[in-house]
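Let's take a friendly walk through this structure together. Have the sequence and the 3D view ready as you read.

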Amino acid sequence: VINSIIARNVKIEKGAVVKNSIVFSSSKIGNGAHIENTLIDKYSTISCSRIVSGDKDEPHYVAQGSII
């Protein structure tokens, strides 16, 4: 986790990278996932080894309850 805000009840599994992002409550980042410049709304799941990346000036948004 680098330069990011992580809310309560967020599970970040081994090998996951979260950089320049905000992860809202009760979300899950799977093993080996790479998240960068992204806003992840609550109750969302990012599956193992997924890459979710936005632009520094226009971050990517993952809607509430999404499974990616």
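Lys28 forms a salt bridge with Glu13, with the closest N and O atoms 3.4 Å apart. This pair links distant parts of the chain, 15 residues apart: Lys28 lies in strand S5 (residues 28-29), and Glu13 in the loop between strand S2 (11-12) and strand S3 (17-19). A salt bridge here is a side-chain nitrogen of Lys or Arg within 4 Å of a carboxyl oxygen of Asp or Glu, while strands are DSSP runs of E, at least two residues long, numbered from the N terminus.

The model is predicted: local features need pLDDT of at least 70 and side-chain atom pairs pLDDT 80 or more, while totals for chains, interfaces and linings use all residues. Residues are numbered from 1 along each chain as its sequence is written, and side-chain values use heavy atoms, without hydrogens and water.

The whole structure holds two salt bridges. Glu13 also pairs with Lys11, their closest N and O atoms being 4.0 Å apart, and Lys11, Glu13 and Lys28 are linked in a network.

How buried or exposed are these partners? Buried means under 20% relative accessible area, exposed over 50%, and partly exposed in between (1.4 Å probe, protein chains only).

| Residue | Relative accessibility | Class |
|---|---|---|
| Lys11 | 48% | partly exposed |
| Glu13 | 19% | buried |
| Lys28 | 33% | partly exposed |

Now look at backbone angles. Most residues other than glycine have a negative phi. Asn37, however, has a positive phi near 50°, and Asn37 sits in the loop between strand S6 (34-36) and strand S7 (38-40). Asn37 counts as buried because its relative accessibility is 13%.

Notes. Helices (H or I, at least four residues) and strands (E, at least two) are DSSP runs, numbered from the N terminus.
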